[in-house]
Amino acid sequence: MAARPEHAAKKARPLSPRRRPRTSAGDTGSTFTSKGRIAMTGNDTARTHVDVVVVGAGFAGVYSLHKLRGMGLSVRGFESGTDVGGTWYWNKYPGARCDVESIEYSFGFSDEIQQKWDWSHRFSFQPDIQRYISHVADKLDVRKLIDFRTKIVSMTYDGDSQTWTVTTDKGEVITCRYCVMATGNLSIPLFPAIPGLDSFEGEKYHSGRWPAEKVDFTGKRVAVFGTGATGIQIVPEVAKEASKLYVMQRSPNFSLPAGNRPLSKEYLDGVRKTYPDLRQRAKHHVFGTAAIPEPTQSALELSEDELFQKFEELWANGGSINFQMAFTDFMRNEEANKRLSDYVRYKIRQTVKDPETAEKLCPKDHPIGSKRICIDTDYYETFNRDNVELVSLRENPVVRITPHSIVLQDGEIEVDALVFATGFDAVTGSLTNIDITGRNGLKLADKWGKRPSSYLGFAIAGFPNMFLITGPGSPAVKSNMVLSIEQHVDMIGETIAYMQKTGSGAIEAQVEAEDKWVEYVTEVANQTLYVKADSWYTGANVPGKARMFVPFVGGAQNYRKICEDVVADGFRGFTLEPESTPEKRSA
């Protein structure tokens, strides 16, 4: 791996310990409510003041509210949905399932919660994960801190008072010292720009905004757009009901069998005994999981027969991480990667009976793993059904959509329903979708219009006291998300505690540290095959979006150590400001 950057020559400015910063907006003419302090401004406009605003109520938001309230801070959460869950609240589509094993895709901060929760399957389905995060929210009693059905539309930082002014879509204005952006990496759904789409009179669905009630496709002609991780889960389920299913494929993706199975009571009882060790081992794992050991062998060290047998074992066991963790050079050596790519193409051709369809399903434009590896249950087998037809949009693109059909360059398809599994404005979209204004009028959308830069994927130069959870430049989507979320929330707690100890009113990433971190993230990525594909990891799925490989792929365990070193070194790469005077706060 590339040598670590020093981030910045200067560490955070040392300050003499002084009193803990005040956590409210002044005492004169104000009163407390269950939502914080109501301060009356000069024009008699009521503004609620709290220490922390948390945006989003998925895994990150729920843990943030619990963690920060436990530090004695006043907190409020805001969520546009009607319940907790984040990604797992919105993505209710048929077949929705996690691709990280359930035991690992769960919180480790509470032994009481993990000891009493039973997972039903190796890879959990959406309803199970939704029930889990709802259970956690209830156990921690954080629902009362959340305003549901409420979007944050703007956030503006004031340097004199060292506070943020946050405005909701309902017109409420909240001031706070800290903003925690628990907005998720896959939150803003994308629709394809197809002429006539709005004129369609049948049913239309996006996987990321699926209705709560069951959608019945029985006897209907359905077209599914998108064959990434989501589309590959949807297709087999819709095919069971639809009279005709058209799979509208632009680019084929590699998919591996999930090998999903129920978890026995004996297995779960065994896991409970090993949770402490499992959580610790996960923190020192490249992906943040403990179930699969890290590789020690190159794929090129095996003969063709030995490698084939190894792949056959992995295929039978199922899952994607076990493939990625099988060899040291999977994402670093093109020949090693080609051997796995060739094997998966072999399995596709072996499974799909029609040779022409099988060939169209074989990815040939990117190394396996450079786009998100999908896991499926009977995806390729579905194309052997009489009611399923693959439409290659590379060969026969869509011209327009009419009220009842899809017009192709060659032909027309009449349909009753359209399903879009067309992805998200990933990692950055949920933040740029809010009008965020930092120091000196700097707009986040303008800054990230050039490149999505941050320091450690945790903080952004020009935006003091705003903390990202799994932001650009962190392992994020290339790690076990729940473990990465826990790390960042704990780091937010450490940061605020340090600010209280030193009497600091603001903390901000230094420009030099941010630039060096972005360079390091890019340098590490360039040593891998990840950069060989146009993917949502780089923003390639959003027209006009700044291109940069966003996740840190130098290993979740290495990233954790870097963050620990930054904190231990007095928050190296950050600038801390003393708490502002009462005069400035009231100005």
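This is a predicted model: local features need pLDDT of at least 70, side-chain atom pairs count only at pLDDT 80 or more; totals for chains, interfaces and linings use all residues.
The pairing of α1 with α4 is considered first. Helix α1 spans residues 59–69 and helix α4 spans residues 126–140, and their axes come within 10 Å and cross at roughly 15°. Because angles under 35 degrees count as roughly parallel, α1 is described as roughly parallel to α4. The crossing in which α1 passes α4 is left-handed. On the side of α1, the contact is made by Phe59, Val62, His66 and Arg69, and these residues face Ile129, Tyr132, Ile133, Val136, Ala137 and Leu140 of α4. Sorted by class, the contact of α1 with α4 comprises eight nonpolar residues, one polar residue and one charged residue. In an α-helix there are 3.6 residues a turn, so residues three or four places apart point the same way.

A second pairing joins helix α7, residues 304–317, to helix α9, residues 334–351, and here the axes lie 11 Å apart while the helices pack at an angle of about 60°. With this angle, α7 is oblique to α9, and α7 passes α9 in a right-handed crossing. The residues of α7 that take part are Leu307, Phe308, Phe311, Glu312 and Trp315, which meet Arg339, Leu340, Tyr343, Val344, Tyr346 and Lys347 in α9. Divided by class, the contact of α7 with α9 holds eight nonpolar residues and three charged residues, with no polar residues.

In α14, the residues Leu483, Gln487, His488, Met491 and Glu494 meet Tyr559, Arg560, Cys563 and Val567 of α16. The contact of α14 with α16 divides into five nonpolar, two polar and two charged residues.

Helix α5 is mostly covered, as 10 of its 11 residues are buried. The buried residues of α5 are Ala229, Thr230, Gly231, Ile232, Gln233, Ile234, Val235, Pro236, Val238 and Ala239. Thr227 is placed in the loop between strand β10, residues 221–225, and helix α5, residues 229–239. The relative accessibility of Thr227 is 5%, and because buried means under 20%, Thr227 counts as buried. A polar atom of the side chain of Thr227 lies 3.2 Å from the backbone oxygen of Ser251. When residues up to four places away in sequence are not counted, Thr227 touches Ile232, Val247, Met248, Gln249, Ser251, Pro252, Asn253 and Tyr379. Ile232, one of the residues touched by Thr227, is also among the buried residues of α5.

The side chain of Gln114 is joined to the side chain of Asp111 by a polar contact of 2.9 Å. Apart from its neighbours within four places in sequence, Gln114 is in contact with Phe107, Gly108, Arg272, Tyr275 and Arg279.

Methods
Residues are numbered from 1 along each chain as its sequence is written. Side-chain values use heavy atoms; hydrogens and water are left out. Helices (H or I, at least four residues) and strands (E, at least two) are DSSP runs, numbered from the N terminus. Buried means under 20% relative accessible area, exposed over 50%, partly exposed in between (1.4 Å probe, protein chains only). A polar contact is a pair of N or O atoms within 3.5 Å; within protein, one must be able to donate a hydrogen and the other to accept it, and residues adjacent in sequence count only if both atoms are side-chain atoms. Contact means heavy atoms within 4.5 Å. Axes are lines fitted to C-alpha atoms, for helices over the stretch in contact, and angles run from 0 to 180 degrees between N-to-C directions. Angles under 35 degrees count as roughly parallel, over 145 as roughly antiparallel, 65 to 115 as roughly perpendicular and the rest as oblique. A crossing is left-handed if the near helix is turned anticlockwise from the far one by less than a right angle, and right-handed if clockwise. Ala, Val, Leu, Ile, Met, Phe, Trp, Tyr, Cys and Pro count as nonpolar, Asp, Glu, Lys and Arg as charged, and the others, Gly among them, as polar.
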